[in-house]
Every structure is written in structure tokens, then in C-alpha cells.
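Here's a quick walk through one protein model, from the overall build down to a few local details. Have the sequence and the 3D view open as you read.

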Amino acid sequence: MAEMLERARLAEKLGADAVWLVQLPSLRDSAAVLAAMCGVTDRVTLGAGVLPYYTRPPVTMAQTALTIDELSGGRFALGVGTGHRLTADWMLGRPADAPVPSMREYLEVVTALVRDGEVHTTGSRFRANAVYVSPRRAALPVYVGAFGPALAELAGQVADGLLVWMCTADHLREVVMPALRRGLRAAGRSLDGFPVVAMVPGAVCDDLDQDRELLRRYLAAYARVPSYRRMYERSGFGGDLGRGVVGDEMLAAIAVLGVEDDIRAMADRYERAGATQVVITPMASAHHDRTLFTRTVEALACR
């Protein structure tokens with residue numbers, strides 16, 4: 001934990017605009033870690049990217065977000081996602097539900113409590129009656145984490161931003177962005193000023209072959225999750241995955257490993273596809289080696 005806090009402080013010092021944390025089912029609660037990061041940073045946005053909606057009732061999710069936002073002095077951004085049905089059902093015992101209508105009702109509760117400080121609603125999936133009387137920033141942004149078109153469209157209708165994770169730049173451009181635009185048009189909004197955050201695994205590395213194998217195993221685990229596998233099959237990698245292989249083409253399309261110029265080229269590729277902010281998740285050797293972590297952050301922050 002001390003190293004995580006030090007890296008948040010270091011990222012800010014190196015010029016990063018934001019520090020985002022993912023939530024994995026077997027690791028620390030990222031909301032608690034983000035709260036701790038409030039005390040070691042002064043400027044960067046601190047983002048939850050993302051908290052699965054089945055981990056907290058919507059009122060509790062809003063309370064969590066508003067509390068971290070107050071601790072940070074108004075620097076928190078909440079990302080909410082559906083997570084994985086397998087994790088929800090097998091790990092937490094929460095039955096699977098239709099993701100889009102559930103997320104719509106969930107966000108209605110969260111955004112009402114954030115923006116208005118009060119919510120009274122009875123939906124088919126979520127019911128909430130609550131007030132929030134502690135200090136509250138009504139402009140706290142609520143993002144939707146999505147890579148499928150239905151949730152991306154929902155984000156355009158009701159959210160303040162969109163987060164994508166582990167998808168190719170082509171998928172962002174060809175699938176996610178058109179759906180997002182449809183949602184924005186339906187809500188009478190435009191893409192101007194709407195944040196699209198692309199989170200990409202990768203790193204500056206010294207041993208390219210070793211890090212490729214480490215990252216290949218990481219991607220293979222995601223490829224076993226049905227929603228990710230469908231996305232990767234639609235992206236043209238079904239043949240390799242059918243043989244149980246994460247091929248070099250898939251690896252290069254989803255992640256970036258190499259020197260600083262490779263990191264910068266990756267960021268440019270996602271920005272051309274529609275991202276307004278690119279977040280790199282230091283993987284493989286850079287996950288453990290602070291020097292490689294520093295070089296990775298510098299490559300992205302000093303573009």
C-alpha cells in the first residue's frame with residue numbers, strides 16, 4: 001500500500017493529469033485506496049475506473065463517491081460499470097440481471113443523490129429513499145464503464161463521461177463512438193466536451209520478450225470472460241482464441257510494450273479513434289519496477 005501511495009504522488013509530480021484505479025475481484029477495495037491517495041496528492045483527478053455496480057447499493061455508491069470527493073477537495077471522478085456476471089454470481093452471490101435497464105435505474109439513484117442531495121424512486125430493480133446532508137459537489141462526474149454499444153449509448157443518454165478498458169482503438173472508433181453519439185443525440189447533447197477515457201495496458205520495458213509473455217497471460221485471462229471474448233472475436237481474433245492463443249496481432253492491438261515512442265504512438269492512436277484522455281495501466285515489469293513505471297508515466301505525461 002505504501003508503494004501504491006508513493007506511485008500516485010510520483011505520477012502527479014511527473015505531470016500526470018489523473019490517476020485511475022481499476023477494481024479487480026481479488027484485490028484491495030479501490031475506493032478505499034483512492035481515499036488514501038487524497039492525502040498524498042494535491043492536483044490530479046482521482047478516478048474509480050470502474051466500481052462494479054453490484055459491489056454497492058446505489059445510495060452507498062453515491063455516499064462513497066461524495067466522501068472521497070470531499071476528502072480530495074473536489075478531485076474525484078466516479079466510474080460505474082456492470083462488471084462480470086460470473087464474478088457477481090459466483091463470488092458475491094448476486095444473480096445476473098439485464099445490464100442496460102439495471103444500469104439505467106442504478107445511475108438514476110446515484111446521479112440524483114450526487115446532483116440534488118436527495119432521491120426518492122421506486123424502480124423495478126432498485127428502490128431508494130435517501131438524503132445526503134454532508135458537503136456535496138453536485139458537479140462530481142459520473143462515468144459509465146462500457147465497451148459494448150448498448151451501454152455506450154446509455155452513457156451518452158445519462159452519464160457525464162464514458163470509460164473503455166482493454167478494447168482496441170478500432171473497436172472504440174467503429175463500435176463504441178457511434179453508439180455514444182446516438183445516446184448523446186437522443187438526450188439532446190453533443191460530443192463536444194463529453195469525456196471519453198480509454199484505459200490501455202502497457203509499459204516501457206527492458207525485456208520485451210519476457211513482458212510480452214506476461215501480458216499475453218494477462219490478456220488470456222480476460223479472453224475467458226464471455227463479454228470480453230465476444231468483443232475480441234468481433235475484433236477479428238476469434239481464430240487464435242479458438243486455438244487457445246493470444247496472438248501477436250491481438251497483443252499489439254490491445255496493449256503497448258516497448259520504448260517511450262511506442263507509448264506515445266499508442267496514445268495518439270486512441271485519441272484519433274475518439275478518446276479525449278488516454279490512461280495507461282503499467283503492466284508486466286513496470287508493475288513492480290519503479291524505474292520502468294516512471295519512464296512509462298513520463299512517456300505519456302510529456303507528450
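Predicted model: local features only at pLDDT ≥ 70, side-chain atom pairs only at ≥ 80, totals over all residues.

Residues are numbered from 1 along each chain as its sequence is written, and side-chain values use heavy atoms, with hydrogens and water left out.

**Overall build**

The protein comes to 13 helices and 10 strands, counted as DSSP runs numbered from the N terminus (helices are H or I with at least four residues, strands are E with at least two). Its radius of gyration is 19 Å, which agrees with the value near 19 Å for a compact globule of 303 residues; that radius is taken over C-alpha atoms, and the globule rule is 2.2 Å times the number of residues to the power 0.38. Along the principal axes, the C-alpha atoms fill a box of roughly 55 × 40 × 40 Å.

Buried residues make up 50% of the 303, where buried means under 20% relative accessible area, exposed over 50%, and partly exposed in between (1.4 Å probe, protein chains only). Of the contacts (heavy atoms within 4.5 Å) with a separation of 6 or more, 71% are between residues 24 or more positions apart.

**Around β2**

Strand β2 (residues 45-52) is largely enclosed by the rest of the structure, because seven of its eight residues are buried.

| Pair | Bridges | Facing residues |
|---|---|---|
| β1 (residues 18-21) and β2 | four | Trp20 and Gly47 |
| β2 and β3 (residues 76-81) | five | Pro52 and Gly81 |

**Helix α6**

What does α6 pack against? The buried residues of α6 (residues 149-158), among them Leu151 and Leu154, pack against α5 (99-116), β6 (142-145), β7 (161-165) and α7 (169-186).

**The start of the chain**

Met1 sits in the segment before α1 (2-13). Met1 counts as partly exposed because its relative accessible area is 41%. Beyond its neighbours within four places in sequence, Met1 is in contact with Arg28 and Val33.

Key:
Pairing = 2+ DSSP bridges.
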